[in-house]
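Hi everyone, thanks for coming. I'd like to walk you through one structure today, so let's bring it up on the screen.

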Amino acid sequence: MSESENTEPAGSEPPPLPTIAQPDAAVKVGRGISERLTNSLDNTGKALAVLAGLGAFFVGAGYFVEWQRYKKGGLPPEEILPLVPTSQIAAAGVRELVISLLFVGLTLALFGFAFVKVARWSQRGSGRFAKGINRVLASDVAFPAIVVGMLTLLIVPTGAVGVVTTAVLAGLLYYGLSLVRRFLEAGEGAGFPLWRLALVVAVAAVVLSGARQAEFQERRPDAIVWLDSGEKLEADYIASDSGKILLRLGPGECRKQCSLSPDQCPSQGCKRAELIVVRSSDVREIRMWKAPELIAHDHPSLLDRVLGIPLTCIPPECRWGDGKDQERIGPSSFL
């Protein structure tokens, strides 16, 4: 038989798998994470340093989140934040960031699982469609980033916040996948980029949290405060500690307070919200309940503008409906 008869056509060879979809990729990544954690937490000093870093991260993120909330609520954050207990600021950061961190982590895991399954299916397939999918997936870093960017752009609010959110998420996903692919291609002895990936997830979580505060801000809890003097205040609850309670007065309640205490009336009048600090010792009773309304916004998603589906999201939180009938749906409903 001639050499040409023994040679199989090039088209009969299965197309190559992307690096991330190689059979041993998951094992290598798991082993790399385990080794990196062991080396990073092999003594008490390193473990304490990691815990301190996490604490500082949540407090810093809490300041960022609360700054956004006060700014959107018409209050000066630079004057209020020094009055708010650090524990409450950290709690706000934990609440917002846990939502984003879980979303980013689960999204990466599910997207990676689906990517591997589709890549292996297309590698085994013999039809044109399977081969076409395989050629697209050969770019195992750019393709997922482009898909995530397109899907995100479809559901985020139109405007600067939506564009920045989309660009940051797609860019961070591209960078994160590039780190993983580089580790897999480096071979034995390479260190897994665990902390750089953790930084990628943290930055994505902070961006999502900030974007949510800019677009999906909720009203503060409503409160009624009865003072020992017999006065009654209807306001939004801001924060409190053992010595003071911070309340946000709307224009109407601000005018009422001015009539009761003219010496405390702000010089600029009561055309906007005002902050009032009440001593805890002067409070006879306070009642609070969750405000049901969301602050309206004017930036619907492309999905809403093009298809008329009233859904706008800063993943994983979404708003459904129009005008005053909007509802916030997502993990925060359970927190």
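Let me start with a question: is the disulfide of Cys313 and Cys318 right-handed or left-handed? Keep that in mind for a moment, and please note that this is a predicted model.

The two sulfur atoms, from Cys313 and Cys318, lie 2.0 Å apart. The cut-off for a disulfide is 2.5 Å, and by that rule the count comes to one disulfide. Now for the handedness: the torsion about the S-S bond of Cys313 and Cys318 is about 105°, so the disulfide is right-handed.

Let's step back to the whole chain. The protein has 335 residues, and 40% of them count as buried. Its accessible surface comes to about 18600 Å², with 62% of that belonging to carbon and sulfur atoms. If you take the contacts with a separation of 6 or more, 67% are between residues 24 or more positions apart.

On to secondary structure: there are 11 helices and eight strands. Five strands make up an open sheet, in the order β4-β3-β2-β1-β5, and the pairing is antiparallel. At the edges you find β4, residues 274-279, and β5, residues 283-289; each has a single partner strand, so one side of each is left without a neighbour in the sheet. From one strand to the next, the twist averages 40°.

Within that sheet, have a look at β1, residues 222-227, and β2, residues 232-240: these run antiparallel and are joined by five bridges. If you want a landmark there, find Asp222, which stands opposite Asp236 in β2.

That's my tour, and I'm happy to take questions.

How values were computed:
Residues numbered from 1 in each chain as written. Predicted model: local features only at pLDDT ≥ 70, side-chain atom pairs only at ≥ 80, totals over all residues. Heavy atoms only, no water. Helix = DSSP H or I, 4+ residues; strand = E, 2+ residues; numbered from the N terminus. Buried < 20%, exposed > 50% of the residue type's maximum accessible area, 1.4 Å probe, protein only. Contact = heavy atoms within 4.5 Å. Areas by Shrake-Rupley, 256 points an atom, 1.4 Å probe, with all protein chains shown as cover. Pairing = 2+ DSSP bridges. Axes fitted to C-alpha atoms, helices over the stretch in contact; angles between N-to-C directions.
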